[in-house]
Amino acid sequence: MAKDRRIKYPFFLIAGILLGILFIFFLISFIVEYRPVEKEVVFVPDSSYTKQYSVLPDTIKIVSWNIGYAGLGDDMDFFYDGGTKMRDTRERTLLNLKHIIDTLKKIDADIILLQEVDIDSHRTYGINELDSLAKAFGNYTMAFAYNYKAWFVPLPVTNPMGRVASGVAMLSRIVPLEVVRYNYPSRFSFPTRMFNLKRGLLSAKFLTSNGDTVMINNTHNTAYDEGGMREKEMAFLRDFLYTADSLGIRSITGGDWNQYPPDYIPSQAELSNPYFVPQMINPRLFNDTWKFVYEKGKPSLRYLDKPYSEESLTTLTDFFLLSPGLTAGSIRIVDNRFVTSDHNPVIMDVVIENEK
């Protein structure tokens with residue numbers, strides 16, 4: 001009997017140590033959990049801006065692009081989407097980032113809306129992508145808001161994602177009145193929420209030449225839904241935009257919605273992926289005076305179950321929503337063949353008519 005006790009003691013000791021480590025890990029995760037406020041002002045012009053309230057021109061060019069943190073090029077799959085990889089090499093990540101910046105310079109947009117911009121993440125080797133963008137677009141005003149901030153993501157277990165600091169960015173040739181992050185009401189359940197995204201809307205207000213206010217929003221909605229999260233985000237966005245409209249504030253909202261527009265018809269394959277399933281935006285949310293604008297017949301997103309090829313499954317999740325009083329002059333998706341990101345950039349020209 002004494003021999004049996006000597007065998008059991010090391011087992012219980014090891015089990016106790018492991019449980020203690022696990023407890024400490026979850027305790028630290030809870031203490032340092034990112035808890036965004038409902039409304040956070042992230043930019044207001046100060047005395048360094050000689051033209052503090054420059055106005056929107058009659059026609060503006062806007063580009064929206066989920067850059068996939070410069071780590072999801074055509075050579076990548078991703079473990080959340082049925083692949084096995086967590087990150088690319090540092091060299092390829094830097095090359096992707098350079099190509100992204102070069103592409104944005106060629107597009108030459110007045111307003112740049114970006115999603116999945118990393119500033120200090122293990123998956124991107126601590127590269128501050130926002131800093132690289134700021135240096136490349138020095139004549140633009142820049143605003144940033146967190147969408148994902150976790151001290152250590154423990155998945156995948158064999159090669160954890162680790163520290164993540166990432167979010168949405170807006171670059172603008174026109175100086176906005178202010179830029180605010182509004183917290184979306186969607187949340188993952190505990191304890192998943194400690195290691196997952198806390199999404200928000202990045203919203204900027206601009207003046208027109210006759211003193212009207214136009215709001216430009218950058219959205220990146222939930223992808224891996226946990227019980228109606230996208231519906232909550234869209235209900236919040238609808239109420240937010242309708243309130244602005246009732247005050248005479250017109251709006252442009254673009255980004256990666258992780259949903260498709262009400263009149264888009266997806267293939268059965270697009271809806272049958274076991275890892276990522278886009279859903280339709282509820283057509284009853286917005287009346288007919290609001291317009292979802294996208295280029296028909298061109299995909300904006302590829303699925304990440306395997307590296308890109310001509311046979312890769314693609315879909316549409318990147319587009320714009322215009323409020324009444326704004327007109328889309330053109331809309332086009334840049335076919336980058338997903339070389340540097342799992343998304344293609346989408347460009348829209350918008351006519352802003354001065355209201356009388």
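**Figure 1. Pro191 lies in the loop between strand 6 and strand 7.** The model shown is predicted: local features require pLDDT of at least 70, side-chain atom pairs count only at pLDDT 80 or more, and totals for chains, interfaces and linings use all residues. Residues are numbered from 1 along each chain as its sequence is written, and side-chain values use heavy atoms, with hydrogens and water left out. Helices (H or I, at least four residues) and strands (E, at least two) are DSSP runs, numbered from the N terminus. The peptide bond leading from Phe190 to Pro191 is cis, with omega near 5°. A cis bond also joins Leu155 to Pro156, where omega is near -10°; Pro156 belongs to the loop between strand 4 and strand 5 (162-172). Most peptide bonds are trans, and most residues other than glycine have a negative phi.

**Figure 2. Arg193 and Glu33 meet through their side chains in a salt bridge.** A salt bridge is a side-chain nitrogen of Lys or Arg within 4 Å of a carboxyl oxygen of Asp or Glu; here the N to O distance is 2.7 Å. The pair links distant parts of the chain, 160 residues apart: Arg193 is in the loop between strand 6 and strand 7, and Glu33 is in the loop between helix 1 and strand 1. Buried means under 20% relative accessible area, exposed over 50%, and partly exposed in between (1.4 Å probe, protein chains only). Glu33 is buried, at 8%, whereas Arg193 is partly exposed, at 24%. Together with Arg35 and Lys198, these residues are linked in a network of salt bridges.

**Figure 3. Arg92 forms a salt bridge with Asp74.** The closest N and O atoms of this pair are 2.9 Å apart. Arg92 is in helix 2 and Asp74 is in the loop between strand 2 (59-66) and helix 2, so described as a link between distant parts of the chain, 18 residues apart. Arg92 counts as buried because its relative accessibility is 19%, and Asp74 counts as partly exposed at 24%. The structure holds 17 salt bridges. Another of them joins Arg238 to Asp239, with the closest N and O atoms 2.6 Å apart. Arg238 is partly exposed at 22% relative accessibility, as is Asp239 at 42%.

**Figure 4. A nonpolar surface patch of about 960 Å² includes Phe190 and Ile24.** Patches are made of residues with over 30% relative accessible area and no salt bridge; like charges are joined within 9 Å, and nonpolar side chains (Val, Leu, Ile, Met, Phe, Trp, Tyr) within 5 Å. Accessible areas come from the Shrake-Rupley method with a 1.4 Å probe, and for residues only the protein chains shown count as cover. Helix 1 (2-31) and strand 4 (141-153) each supply at least two residues of the patch, and helix 1 gives the most, with 6 residues. Ile24 is placed in helix 1 and is partly exposed, with a relative accessible area of 48%.

**Figure 5. Seven strands form an open sheet of mixed pairing, in the order 1-6-7-8-9-15-12.** Its edge strands, each pairing on one side only, are strand 1 (39-43) and strand 12 (291-293). Two strands pair if DSSP finds at least two bridges between them. From one strand to the next, the twist averages 20°. Axes are lines fitted to C-alpha atoms, for helices over the stretch in contact (heavy atoms within 4.5 Å), and angles run from 0 to 180 degrees between N-to-C directions. Strand 7 (residues 200-207) and strand 8 (residues 213-220) run antiparallel and are joined by 6 bridges; the bridge partner of Phe206 is Val214 in strand 8. Helix 4 (residues 229-246) lies across strands including strand 6 (178-183) and strand 9 (250-256), and runs at about 170° to strand 8.

**Figure 6. Strand 15 is largely enclosed by the rest of the structure, because 5 of its 5 residues are buried.** Asp318, Phe320 and Leu322 point one way from the strand, while Phe319 and Leu321 point the other way. Strand 9 runs antiparallel to strand 15 and is joined to it by 5 bridges, with Asp256 opposite Asp318. Strand 12 is also antiparallel to strand 15, with 3 bridges; the partner of Lys291 is Leu322.
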